[in-house]
Amino acid sequence: MKQEGLKDMALDADWAERWVRRTADAVADAKDELTELDRQIGDGDHGENLHRGFRAVVVRLDDEASGRGSADERTVGDVLKLVATTLMSTVGGASGPLYGTAYLRAAKVSGRPQIDPPAVVAVLEAALEGVSSRGKATVGEKTMVDAWHAAVEAAEAAAGDGGSEVDVLRAAAEAADKAATATIPMVATKGRASYLGERSAGHEDPGARSTALVLGAAMAAALSGPTPTDPRSAA
Amino acid sequence: MTARVALVLVSHSAELARGVAQLAEQMAPDVLIRGVGGGPDGGLGTSLDAVQKALADVLTILADAAPDAAPDGGPAGADALGAAVDGGVVVLGDLGSSVLTVEAALELDDSLAERVVLARAPFVEGAVAAAVTAHGGADLTAVLESASASVRMFAAVEAAQSLEEDGAPSGGESQTSRTVTVRNSLGLHARPAALVSRKVAELGAAVTIDGVDASSVLQLMALGATQGRELRVEATGERAAEAVSTVVEMIEAGFGEV
C-alpha cells in the first residue's frame, strides 16, 4: 500500500512520541490479559507493572511538551531515552530494567532527528541486544527475546528488499506477533517461568506478548499522523 | 566506621533488605551496610531511584570518611577518588529484577563502574560473608571474592564432614593441632563465628576447625557446633601455633556467654 504524502510518515521524534503514546494505550487495553498470562507462569505483575510504567512515561511526555517551544530539535533518541529512564524508575518488576535497557540501547543508535529503514533495523537490533544481554537470555527460552529476535530478522529482510519505513516496521510487528504466539508450546528456561519447568508449556509468554504490542504500536504510529489524544494535534 | 568497603543489599522486599542488613551489621559493626527494598509503589519490587540514591549516599559517606581525602588541599574530587580506588561498594541483589535494576543503574552511570561491583552470590550468605571480610579492612576485590565464595559454602562443609567420617585419624595433640570443647550453650552461632573468623583473618595463618576454613564465617556457622561438641583446631603456616592457641582460648572462654 503506497500512500501520498510520505513526509507524514517520516520516522522523527514526533513519530517516536506517537509510538510511545500508542504503546501506553495498547498496554492499558491489554493490562488484564498480560497480567493473566503472567499469573499463569510468572508472578502476575507484568500487566500492572508495564501499565504503571507507560502511564508515567505519558505524564513525563506531557510535562515535557508543555515546557518545549515549537521549534524543538528533539531526536528520536531523546524520546526513547526518556522512556528508558522512566520505565526503569517506575516499573518495579524485571520488565522495568529489561525494557529500560532495550529503549536505552535503542536511544544510543537513534540520536538524530529522523531515522531511515536501515536505522530502524539498527534500533531494533540495539533493543534486542539490550534485552538479551540484561536478561542473559537467548532465542528459544520462551522470553521477550524470542519476539525481539523475530522482529529484527524480519526487519532486516524487509530493509534488504528496499522496503519503506512502514514496510520495515510492519514486518517487525507481524513477526513479533507470530513469535509471541509461538512461545505457547515452549518450555521456559529463563525468568520466573523457568521455575515451573514443563508446566510452563501451554501458556504464552507475557513479555513476548508485550513486545508484540510495543512493535505493533510502532507500526501504527508510522501509518497515522498525530492521534486525537496527542495534545499537540489540537493546537 | 573504619571499613573502606561498604555493602548495599537490594531486595524485592524492604523488610528482607532491612533484616539482612541488620544481621550483617551485627556481625560486622565497622561496615557501612545499607538495605534497599521494595518497588516504586512501596510493594514488592525494585526501585531504580532508591538503588541510585543508596549508592550515591554510601559513596558520599565513604568519600567523607576516607582518611586522606584532600590532605594537601589539592582538588578534593581527584583525591577522594584516588583514596576510594581500593575501597568501594559491593552490591548484592536477591532475585531477578533486583539484580537487573542494579545492572541498569551501573549502565546508566559510567562513573560508578570502578567503585561499585555487583556480587553474584546468595543474598543472606553472601552479605554476611562480605560484611565480615570488609570488617577486617579488606579491599573491594577481597570482599567481592568473599561474597562469591559463599556459594561454595555448602559443598565445602560437606566435603570436610565426609573427610571426617572417612576416619582420618585425628592425630594427637600438638602445638598446631588441638581439640577443644564448645562451652557456651549456643555454640558457634553467628556472633562467635564472626569473632573467630575475623580473628583468624587477622592472624594470617591457615586455620581449620573440624576441617572447614576458619576464616569463613559461613563455614563455621554451618558446622552447627553447639555446647559440648569437640572441635579439632588445626593450623599451618608461620604463626600456626599462635593461631591454634588463640582460637582454642576463644572457644574455651565461651565468647562471654558462659
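**A:Lys136.** I began with A:Lys136 in this predicted model, and I noted that this residue counts as exposed because there are 12 C-beta neighbours inside 10 Å, the cut-off for exposed being 12 or fewer. I then looked up where A:Lys136 sits, and I found this lysine in the loop between α5 (117–135) and α6 (144–160) of chain A. Its phi is positive, at about 50°, although A:Lys136 is not a glycine. I wrote beside this that most residues other than glycine have a negative phi.

**A:Lys142.** Is A:Lys142 buried or exposed? I recorded A:Lys142 as buried, because 27 other C-beta atoms lie within 10 Å and the cut-off for buried is 20 or more.

**B:Asp210.** In chain B I looked up B:Asp210, which lies in the loop between β6 (206–209) and β7 (212–213). I counted B:Asp210 as buried, because it has 22 C-beta neighbours inside 10 Å. I also checked B:Asp210 against B:Val151, and I noted that they are 59 residues apart in sequence and 20 Å apart in space, from C-alpha to C-alpha.

**Where the chains meet.** My last entry concerns the contact between the chains, which takes 13 residues from chain A and 15 residues from chain B. On the side of chain B that touches chain A, α2 (48–65) and α4 (96–108) each supply at least two residues, and α4(B) gives the most, with seven residues. By class, I listed this side of chain B as seven polar, four nonpolar and four charged residues.

Methods
Residues are numbered from 1 along each chain as its sequence is written. Chains are lettered from A and ligands numbered from 1 in the order in which they are written. This is a predicted model: local features need pLDDT of at least 70, side-chain atom pairs count only at pLDDT 80 or more; totals for chains, interfaces and linings use all residues. Helices (H or I, at least four residues) and strands (E, at least two) are DSSP runs, numbered from the N terminus. Two residues are in contact if their C-beta atoms, placed from the backbone, lie within 7 Å. Ala, Val, Leu, Ile, Met, Phe, Trp, Tyr, Cys and Pro count as nonpolar, Asp, Glu, Lys and Arg as charged, and the others, Gly among them, as polar.
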